[in-house]
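Work through the exercises below with the sequence and structure open. Each task is followed by a solution in steps.

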Amino acid sequence: MRLLIPRAVACFLLAAPAAALPAPGADAVTVIRAGRLIDGKSPAPRRDQVIVVRGNRIESVGDSNSARIPEGAAVVDLSGATVLPGLIDAHTHIFLQGEDPAEGGYDVQILKYPLAFRAARAVVAARRALEQGFTTIRDVETEGAGYGDVGIKEAIEGGYIPGPRMFVVTRAISTTGGYDLEGYAPEIDVPKGAQLIDGPIEARKAARQQLEHGADWLKVYMTHRSWVDAQGNFVAQPTLTVEELKAIVDEAHGWGKKVACHAYAGIGLRRALDGGCDSIEHGLDLDDAAIAQMVKQGTWLCPTMSVYYDHHAPEGTPAGQRDRKRVALHGPSLRRALKAGVKIAFGTDVGGFSWSDPMAREFPRLIEFGMSPMAAIQSATSGAAEMLGMSGRLGIVAPGAWADIVAVPGDPVADVKELGRVFFVMKDGKVFRNERR
Ligand SMILES: [Zn+2]
């Protein structure tokens, strides 16, 4: 992670009170006693471990009977609990709030709320993620809030507000006819929730603009509308051409960045893979060819299962049919992908549902469709970290890693719902939450 504004400069620019800045203590030592340690990478938990944290890094991890406790260290006793790496949610939307259609839905966010209001709610969302033990998020577009995610990330990195480490995509990219807002009189220019491009030149320009303004990843919508056709098949409208996507991927890769593609099924999904995307988001209907291509290209799948179980439109309506078909296809797709060895990154799509709902509800869904509890945990720790290019630094409790550490009371391998009971959160070596002092 890079700090976009050096702290001293930020202080000067924003005239922040000194109290708002994080306390120094770069060499402060904290020792965590872990009754059970799931380190994010090893296949099995280890009992009675001692984790030594110096500053914002993990210095050592060892058996409690042989570990040396540095003098003067603060000790956090989690010997009755399970300790894990800080969790990673690779698909969030802090600028969405699970909009209720009855209250105007998605459109109202963009048409009626000032950006400052949306940013204020995004601050609350970021804090919610951290409270639940998600110390890192990949936030996959601001939905009309421009580069607001870059600002929130800077505020977190500067220590002004609490929140997870953020990988941001800024505005996201789709095509004309490929994103909301829609359904208004053609005479009225309505704002769009993503940056719309047509043609490889505009595609590359949008990529450059977003990267210039702070995107860590790019997000591309490769499918938009979806429906069930007369034969009962699930169909998704494709958006960008392969040439358009290739321009974006080429640009992003040149900057050392990656591209996440929202893709449900069919032509758009195929184009996403042919265009060389790095992760498929959702992937509701993955056929054998798509799965084989993902394995071959090393493409990640961020399945976001649970969000599709919310708020189905009434049965018998076209939208209701579509919503039910999505769920019917999604589980078997994940099963096939797992069987073939597709790499899975945990993602919830929170913001698509309310931030008051638990993000950990995704874990049981992953297990329902074939993941072991440990595999599900690793998809939200070392797996997601690998996708983010952060192996060894995030998603693992091991020497040299950043000190992002959480704890739950029971054993999440025996009951994955434990991951919804995070009571201890350390981020970057600082305890943010500890309900069992
Ligand atoms: Zn999403």
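**Exercise 1: a positive phi**

Asp349 has a relative accessible area of 9% and is therefore buried (buried is under 20% relative accessible area, exposed over 50%, partly exposed in between, with a 1.4 Å probe and protein chains only). The model is predicted: local features need pLDDT of at least 70, side-chain atom pairs count only at pLDDT 80 or more, and totals for chains, interfaces and linings use all residues. Residues are numbered from 1 along each chain as its sequence is written, and side-chain values use heavy atoms, leaving out hydrogens and water.

Task: give the phi and the place of Asp349.

Solution. Step 1: phi of Asp349 is positive, about 70°, although the residue is not a glycine. Step 2: Asp349 lies in the loop between β16 (343–344) and α10 (362–368) (DSSP runs numbered from the N terminus: helices H or I, at least four residues; strands E, at least two).

**Exercise 2: a second case**

Task: is Thr304 buried or exposed, and where is Thr304 found?

Solution. Step 1: Thr304 is found in the loop between β15 (300–302) and α9 (318–340). Step 2: its phi is positive, about 40°, and Thr304 is not a glycine. Step 3: Thr304 counts as buried because its relative accessibility is 0%.

**Exercise 3: a cis peptide bond**

Task: locate the cis peptide bond that joins Asp180 and Leu181.

Solution. Step 1: omega of this bond is about 10°. Step 2: Leu181 belongs to the loop between β8 (173–175) and β9 (195–197).
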